[in-house]
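Trainee: I am new to this structure. Can we go through it by asking what lies behind each label?
Mentor: Good plan. Here it is.

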Amino acid sequence: MLRFLTAGESHGKALVAILEGVPAGLAMDFDAVTAELRRRQGGYGRGRRMAIESDRAEALSGIRHGVTTGAPIALLIPNKDWENWQRTMHVEPDQPADASGTDRPAVTRPRPGHADLAGVVKYGHDDIRNVLERASARETAARVAVGALARQLLGQFGTHIVSHVISIGSASLPDPLAITYEDVFAIRPDAPLRCVDAEVELEMIAEIDRAREAGDTMGGSFEVIARGVPVGLGSYVQWDRKLDGRLAQAMMSIPAIKAVGIGRGPAAAALPGSRVHDEILPAGAARPSGMGVARPTNNAGGLEGGVTNGEDLRVSGHMKPIATLMKPLRSVDLATMTESPATVERSDVCAVPAAAVVAEAMVAFVLADAAIEKFGGDSIAELLDNWRAFRDRTAARFVRP
């Protein structure tokens, strides 16, 4: 079982993640972890915070001489902005004499669409900052670091993960499933929104610019594609073991994600079965899959019955606009119970590309967990031996007599 926990606040001293269940003997590349953290900070429409932070994860345990030991891996991501928030976010009962930054007043005006109001009611807080600091999407930096380690485990199976932006506001690709893994892989690293169509990307940028000028925010959608996923991950025998359900839960846990699709997604509800289900043909008759047969289409997105089928895994996420508006919506000041504009916190206009990077991390984590569940092993050598034996047995089953 692979599992992780995170801790830390948006303007606290640091973010922390503990990842447990990584097999022993896996060589770790921390430059690759840093690269993923930097990808999360990019994308057109991001705010000023991204100019302050330069995220880097430090391993505190579970790795020795660059190789995993099988013990829990602890990661620390310092917040550079901490020096500006020490007087507000100190953990001691009394403010330390050498604390820096500004002593900010309590936050009492909840933002519509954020965890502010529900959070203060649930936990009995008077200051909304106790809620917004943890509910902030800053926490996802820790997830990206965890996901970067999971990606390195998946790389042992030949599994690789990419993402691309499908839509921002009304600007959208006409048919996301027509976009191939190769198309997404070929997107320039410096592409402002990581969209495969340059003209559509310009339309997306215009949507973000209009929202910025209006003091508004903009949402959108993205797709994660995993190539080379082992066959047989997940299960159909219990509801909580279905891989599509596990992926959906992981995706929906990302801040502001309000819907998830697998393959054709919600569009499948409007089509007849003859146009949705992917035919099964002899090998060589169409695109080969990892199952020893061929599939001319992949509307199922690589999952049937909650189990991976050898096709590319395709998962889409749909993100609402960010809740902090520079021209705030109406709210109530909880200190006076009078109508008041909602609190304005430093934020982004659009964070869909960043959410796609977080989604890659969550997909990587779920797939790595499912691979360990399927193939077992306390060391990477044992895990890979079990996988190769299963792969070879599967290939032998589909040899034409």
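Trainee: Which helix gives the largest share of the lining of the second largest pocket?
Mentor: Helix 10, with 5 residues. Bear in mind that this is a predicted model. Strand 1 (3-7) and helix 9 (243-252) also supply at least two residues each to that lining.

Trainee: How much space lies in the second largest pocket?
Mentor: About 450 Å³. The lining has 18 residues, and the closest to the centre are Leu 2, Gln 249, Phe 365, Val 366 and Asp 369.

Trainee: What makes a residue part of a lining?
Mentor: An atom within 4 Å of a pocket point. By class, the second largest pocket has 8 nonpolar, 4 polar and 6 charged lining residues.

Trainee: What is the volume of the largest pocket?
Mentor: About 880 Å³. Its lining counts 39 residues, with His 114, Ala 135, Ser 136, Ala 137 and Pro 255 closest to the centre.

Trainee: Which element gives the most to the lining of the largest pocket?
Mentor: Helix 10 again, here with 3 residues. Helix 10 spans 352-375, and helix 2 (49-52), helix 5 (129-135) and strand 10 (257-262) also supply at least two residues each. By class, the lining has 18 nonpolar, 10 polar and 11 charged residues.

Trainee: Why is Ser 235 called buried?
Mentor: Set the value against the cut-off. Buried means under 20% relative accessible area. Ser 235 has 8% relative accessibility, so Ser 235 counts as buried.

Trainee: Where is Ser 235 found?
Mentor: In the loop between strand 9 (220-227) and helix 9.

Trainee: Which residues is Ser 235 in contact with, leaving aside neighbours within four places in sequence?
Mentor: Arg 241, Lys 242, Gly 305, Gly 306 and Val 307. Contact here means heavy atoms within 4.5 Å.

Trainee: How do you know that the charged end of Arg 104 sits over the ring of Trp 85?
Mentor: Part of the test is distance: CZ of Arg must be within 6 Å of the ring centre. For Arg 104 the value is 3.6 Å, and the charge does sit over the ring of Trp 85.

Trainee: What lies over the face of Trp 387?
Mentor: Arg 391, at 4.7 Å from the ring centre. That also meets the 6 Å limit.

Terms used:
Residues numbered from 1 in each chain as written. Predicted model: local features only at pLDDT ≥ 70, side-chain atom pairs only at ≥ 80, totals over all residues. Heavy atoms only, no water. Lys NZ or Arg CZ within 6 Å of the ring centre and 35° of its normal. 1 Å grid on protein atoms, 1.4 Å probe; cavity = no way out; pocket = protein on both sides within 12 Å on 5 of 7 lines; lining within 4 Å. Points joined across faces, edges and corners; volume = space filled by probe spheres on them. Helix = DSSP H or I, 4+ residues; strand = E, 2+ residues; numbered from the N terminus. Nonpolar A, V, L, I, M, F, W, Y, C, P; charged D, E, K, R; others polar. Buried < 20%, exposed > 50% of the residue type's maximum accessible area, 1.4 Å probe, protein only.
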